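Hello,

Here is the structure I promised to send. Please open it and keep it beside you while you read my notes.

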Amino acid sequence: MRIDVVTIFPEIFPGPLGVGVIGRAQQHGLLELVVWDLRTFTRDRHRSVDGLPYGGGAGMVMMPEPFVRAVEAIRACAPDSAPRVVLTSPQGEMLTQARARALAAAPHLVVLCGRYEGVDDRVADLLGAEEISIGDYVLTGGELAAMVVVEVVARLVPGAVGAVASVAEDSFSAGLLDFPQYTRPAEFRGHAVPQVLLSGHHEEIRRWRKREALRRTLLRRPEMIDAAVLDEEARALLAELRGETA
Ligand code: 4GX
């Protein structure tokens, strides 16, 4: 998979995308991350990327031409890949694990990073860009959001994460939050690891984990329970848990 990022701050990449699983995916040739300086695609002496908003108001708006020329240059580099273009924005559709899976199915993505009050709206129209938000809070620029998009998509590239099972068993793949995890020591500052996990009874452990995943989801993210596809055992465990709190 290839991902291009267009930004006025190329020096902040790869940052966290250069280490760990995502860094290794690049070393192994599974992911190619290419970062472009938006100012390369300006044509005036000052290399301007922003202007005052038409209609008035505070702050600056990013001009369309540098972004459009950047994507044209990227398309010319990879003429057969028909990249999907993403613009990170608080006005976008929420990034979810399902949306990350859909993006990871594309062979080529281009992520555009906006700053200031935003990007001239014609950029999305002209490039067929999908606006994606990483959450309902306000960042200073799109770069951190772009890094999140790259991170969640890149780890879904086949082979990027060592064990296939660890992607499949992630919370959200199952539609529930993860069960609690523990490691040594078995007792720490008076807090013991749940006995069942030390018992070696695989079937009991499996059921306990399923119950605790359901318990956490019910308490912390009840709307996920409504959306989850639960098997008969999960429905029975859930009925027990609801009984405990009723
Ligand atoms: N999830 N921001 C982008 C500038 C901007 C505004 C509008 C395009 C359109 C954010 C988020 C986020 C702040 C990054 C505003 N660019 N991006 N920036 N939350 O808050 O994605």
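Tryptophan 208 is in contact (heavy atoms within 4.5 Å) with Pro180, Tyr182, Pro194, Val196 and Leu197, leaving aside its neighbours within four places in sequence. This is a predicted model, where local features need pLDDT of at least 70, side-chain atom pairs count only at pLDDT 80 or more, and totals for chains, interfaces and linings use all residues. Residues are numbered from 1 along each chain as its sequence is written, and side-chain values use heavy atoms, with hydrogens and water left out.

Tryptophan 208 sits in helix H7, residues 202-220. Helices (H or I, at least four residues) and strands (E, at least two) are DSSP runs, numbered from the N terminus. Is tryptophan 208 buried or exposed? Its relative accessibility is 13%, so tryptophan 208 counts as buried. The cut-offs are under 20% relative accessible area for buried, over 50% for exposed, and partly exposed in between (1.4 Å probe, protein chains only). From tryptophan 208 to phenylalanine 13 the C-alpha distance is 42 Å, and they lie 195 residues apart along the chain.

Helix H7 also holds leucine 219. Leucine 219 is exposed because its relative accessible area is 62%.

Now look at leucine 139. It lies in the loop between strand E7 (130-133) and helix H5 (142-154). Leucine 139 has 35% relative accessibility, so it counts as partly exposed.

Best wishes
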